[in-house]
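Let's take a walk through a protein model together.

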Amino acid sequence: MSTKSLSARNNELSNPQKQLEYLSEGLFADGELPTFKHKLEKEDDFPLQPKPLEILQINLGYMCNQVCSHCHVDAGPDRKEIMTVETMQHCLEAIKKTGAHTLDLTGGAPEMNPNFRWFVEEASKAGIKDFIVRSNLTIIVANKKYYDLPEFFKKHNVHVVSSLPFYKREKTDKQRGEGVFDKSIQALQMLNAVGYGKEGSGLKLDLVYNPSGAFLPKDQDAMESDFKTALKEDFDIDFNSLFAITNLPISRFLEYLIASENYEDYMYELVNAYNPAAVQNVMCRNTLSVSWDGWLYDCDFNQMLELKVNSSVKHISNYDEDAIQNRNIIISQHCYGCTAGAGSSCQGTVA
Amino acid sequence: MSKPYYDPSDLRKFGEITEWSEELGKKFFDYYGSVFEEGALSAREKSLIALAVAHVVKCPYCIDAYTKDGLERGITKEEMMEAVHAGAAIESGATLVHGVQMMNKYKKLSM
């Protein structure tokens, strides 16, 4: 596993244009597989349009203490893109006006943004009741200054959504780096200790499972029950729900698919598992993604592909929800990742 | 170089067998789908049985399919290998139990 981002390695795939080209060539150009647009048209779902906005997902920066092999953000310690206070202030203005009920903070490791806590506090004052922080867990034990994060989360009743690719050390470390599993377990125990994931505490702790390889997640409920049994028995850990998330063929996961000669099979699998019912609830329809530098996107994946919203308003500094809601969602072949099987979103399955 | 008899990408075309015999093909795939649903045995248990049988009948397509199915279900590599051994043990047992026939014949023919 590489310990550097595609960007730091000057890999061709760090260029989103190259990724989009790759996703439109080959199988899809010669008609062997239908394009995502074609699939939507067949079901009369094209163009894809938003439903009422529920979640504002803000990416606080691409800096991360981990370099996971599947990361669609291409995040890592070598990424310096971080949201400034000025952009945060634009976000706060938008939060005051938005109809969205949930603020979903992601990264990178959002906690590494030096103004993370200030932003959560201000957003709380601005009226946000439902906070999600997507934590990679290991950040909590990475440095003394983060040790009190569980208390901070608790104070603001933050809903913590944490990645843990598997309940066994080997698979977790292979995907996320040596030692990640043990640190994640330690962080989960710290979260449990302040009440997270415990019945009756009202403090929600959900885990994210994503496959450590070129295969799709199957049966979120069965997987949740396996995770619960194993984590309880082995480490006395409690959590609320497990979200099974499909890896989308972009960025570092795309690099892996190509290098391991799994790309074609994976795309076949995604296309064959296309589920029209999942299309009705894909997250781009109720979520808006804001990048570290304030640009607006249909989802975090389109953000990484630099596909800004198809709207007259493209930046948080002149946020106008009516204008933004009246748009067509930008699609490409990576979208098959969200419509396969039971569907996939940042909240797990959707169908 | 000659083409191999088995092409991994042929597995994707499995469904096409229905085109040349629609009724039988459809019946087979309906049956196949039902077999692997949750029942008295869990889908997970059936996946491991399928993996073991795949090895015994030495079907490369089935081995590919049920290794992936196992990964999708979170089945560990240790569980998968034990399933392969269970299949192998039955298969070698089936050979060895014929040793009794050999012993019987030997004894019958010997003074």
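Predicted model: local features only at pLDDT ≥ 70, side-chain atom pairs only at ≥ 80, totals over all residues.

Residues are numbered from 1 along each chain as its sequence is written, chains are lettered from A and ligands numbered from 1 in the order in which they are written, and side-chain values use heavy atoms, leaving out hydrogens and water.

Begin with chain A, where eight strands make an open sheet with mixed pairing, in the order S6-S5-S4-S3-S2-S1-S7-S8. Strands here are DSSP runs of E with at least two residues, helices are runs of H or I with at least four, and both are numbered from the N terminus. Two strands pair if DSSP finds at least two bridges between them. At the edges you will find strand S6 (242-244) and strand S8 (296-297) of chain A, each pairing on one side only. Now look at strand S4 (residues 159-163) and strand S5 (residues 205-209) of chain A: they run parallel and are joined by four bridges. Here Ser163(A) stands opposite Val208(A) in S5(A).

Next, the cysteines. A disulfide is a covalent bond between the sulfur atoms of two cysteines; the rule used here asks for a pair of cysteine sulfur atoms within 2.5 Å. How many disulfides does the structure hold over all chains? There is one, formed by Cys59(B) and Cys62(B), with sulfur atoms 2.3 Å apart. The torsion about their S-S bond is about 80°, so this disulfide is right-handed. Cys59(B) is buried at 16% relative accessibility, while Cys62(B) is partly exposed at 27% (buried means under 20% relative accessible area, exposed over 50%, partly exposed in between, with a 1.4 Å probe and protein chains only).

Finally, visit the contact between the chains (heavy atoms within 4.5 Å). It takes 12 residues from chain B and 19 residues from chain A. Seven salt bridges are found across this interface, each a side-chain nitrogen of Lys or Arg within 4 Å of a carboxyl oxygen of Asp or Glu. The side chains of Arg44(B) and Asp226(A) also meet in a salt bridge, at 3.7 Å from N to O.
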